[in-house]
Amino acid sequence: MISRVERPEAINPFPITTNRTEAEWVMRPALGPCGRIFYRRHDGKYFWNKDRPHITEPVFVSRSFIINSPLKAYFDFTNRCNLQCLHCITSSSPYADISTELPTPRILELTSELADIGVLEVATAGGEPFVHPEWENIFRHITSAGLNLIITTNGLLLTPNLVDRLKETKPLEVRVSLDGGPEFHEHIRSKIIFESYDRFI
Ligand code: SF4
């Protein structure tokens with residue numbers, strides 16, 4: 001589940017707390033372009049370190065800095081997907097066996113544990129996360145635990161209604177996969193859903 005650790009090279013200059021409930025901002029565990037560090041607030045707002053140099057509210061810094069636990073976790077909570085792409089590294093599809101997947105209460109518990117040990121960010125893909133019947137509950141749980149949430153989706157289930165609900169869960173980023181032009185995208189993505197490029201656009 002936890003597969004990669006990214007460490008900012010610079011400790012942030014703002015007031016720091018290791019008590020997540022005291023924190024107004026959470027440091028994002030990766031440097032952006034130009035050596036910037038992201039900060040995220042629990043209402044979903046975020047900023048670059050150089051955009052707001054005079055912040056006075058406490059910033060949550062992971063205990064990872066102290067005990068060397070992961071700063072970032074990749075957590076794919078389902079293998080079920082509405083597509084069956086040629087390049088899929090998780091062998092996801094509408095036919096994926098979900099009988100061994102974690103039940104939702106354990107998924108929620110695990111994300112709380114990640115927050116407790118000092119993880120700052122959870123990235124999730126799949127499968128397709130929006131196929132999971134409890135995606136909204138899971139995402140809300142992750143962000144209300146103070147974790148940055150990064151979602152990768154194939155985008156085909158994103159209706160205006162779903163986007164409104166998604167915004168309420170306050171993800172930091174939503175990444176949508178597009179694999180080049182129409183022909184190439186269709187070639188690798190459209191085994192199950194035809195014209196996925198047009199639907200995506
Ligand atoms: S959309 Fe993503 S998870 Fe689904 S089959 Fe394609 S690559 Fe795999």
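Strand 6, helix 2 and strand 7 make up a right-handed β-α-β unit. Helices and strands here are DSSP runs numbered from the N terminus, with helices (H or I) of at least four residues and strands (E) of at least two. As for handedness, a crossover is right-handed if the path from the first strand over the helix to the second runs clockwise, with the strands pointing away from the viewer. The model is a predicted one, so local features need pLDDT of at least 70 and side-chain atom pairs count only at pLDDT 80 or more, while totals for chains, interfaces and linings use all residues. Residue numbers start from 1 along each chain as its sequence is written.

Now for the pairing itself. Strand 6 (residues 72-74) and strand 7 (residues 121-124) run parallel and are joined by three bridges; two strands pair if DSSP finds at least two bridges between them. Within this pairing, A73 has V122 of strand 7 as its bridge partner. Moving on, strand 7 is also joined to strand 8, again in parallel, by four bridges. Here V122 stands opposite L149 of strand 8, and E121 has N148 of strand 8 as its bridge partner. The chain gets from strand 7 to strand 8 through helix 3, in a β-α-β crossover that is right-handed.

Strand 8 then carries the pattern on to strand 9 (residues 173-176), with four bridges and a parallel run. I150 stands opposite E173 of strand 9, and T152 has R175 of strand 9 as its bridge partner. Strand 8, helix 4 (residues 160-168) and strand 9 form another β-α-β unit, and this one is right-handed too. Strand 8 is mostly covered, with five of its six residues buried. Buried means that 20 or more other C-beta atoms lie within 10 Å of the residue's own, exposed means 12 or fewer, and partly exposed is in between, with C-beta atoms placed from the backbone.

What holds the largest nonpolar core, and which residues touch the most other members? The core has 33 residues, and V26, M27, V119, V122, L147 and L149 touch the most other members. A nonpolar core is a set of buried Ala, Val, Leu, Ile, Met, Phe, Trp, Tyr and Cys residues joined through C-beta atoms within 7 Å. Two or more residues each come from strand 2 (25-31), strand 3 (37-41), helix 2 (104-116), helix 3 (135-144) and strand 8 (148-153). Helix 3 gives the largest share, four residues. Domain 1 (16-61) and domain 2 (72-200) both give residues to this core, so it lies between them; the domain bounds come from an automatic or database domain assignment.

Helix 3 also holds F139. This residue is buried because 24 other C-beta atoms lie within 10 Å. F139 and P171 are 32 residues apart in sequence, yet their C-alpha atoms are 7.6 Å apart in space.

Turning to the ligand, the residues around it are C81, L83, Q84, C85, C88, T90, S92, G126, G127, E128 and N154, a residue being near a molecule if its C-beta atom, placed from the backbone, lies within 6 Å of it. This shell divides into four nonpolar, six polar and one charged. Ala, Val, Leu, Ile, Met, Phe, Trp, Tyr, Cys and Pro count as nonpolar, Asp, Glu, Lys and Arg as charged, and the others, Gly among them, as polar. C81 sits in the loop between strand 6 and helix 2, and counts as buried because it has 26 C-beta neighbours inside 10 Å. C81 and E128 are 47 residues apart along the chain, with 4.6 Å between their C-alpha atoms.

S91 is not a glycine, but has a positive phi of about 50°. S91 is in the loop between strand 6 and helix 2, and counts as exposed because it has 12 C-beta neighbours inside 10 Å. K170, likewise a residue other than glycine, has a positive phi near 60°. K170 lies in the loop between helix 4 and strand 9 and is partly exposed, with 19 other C-beta atoms within 10 Å.
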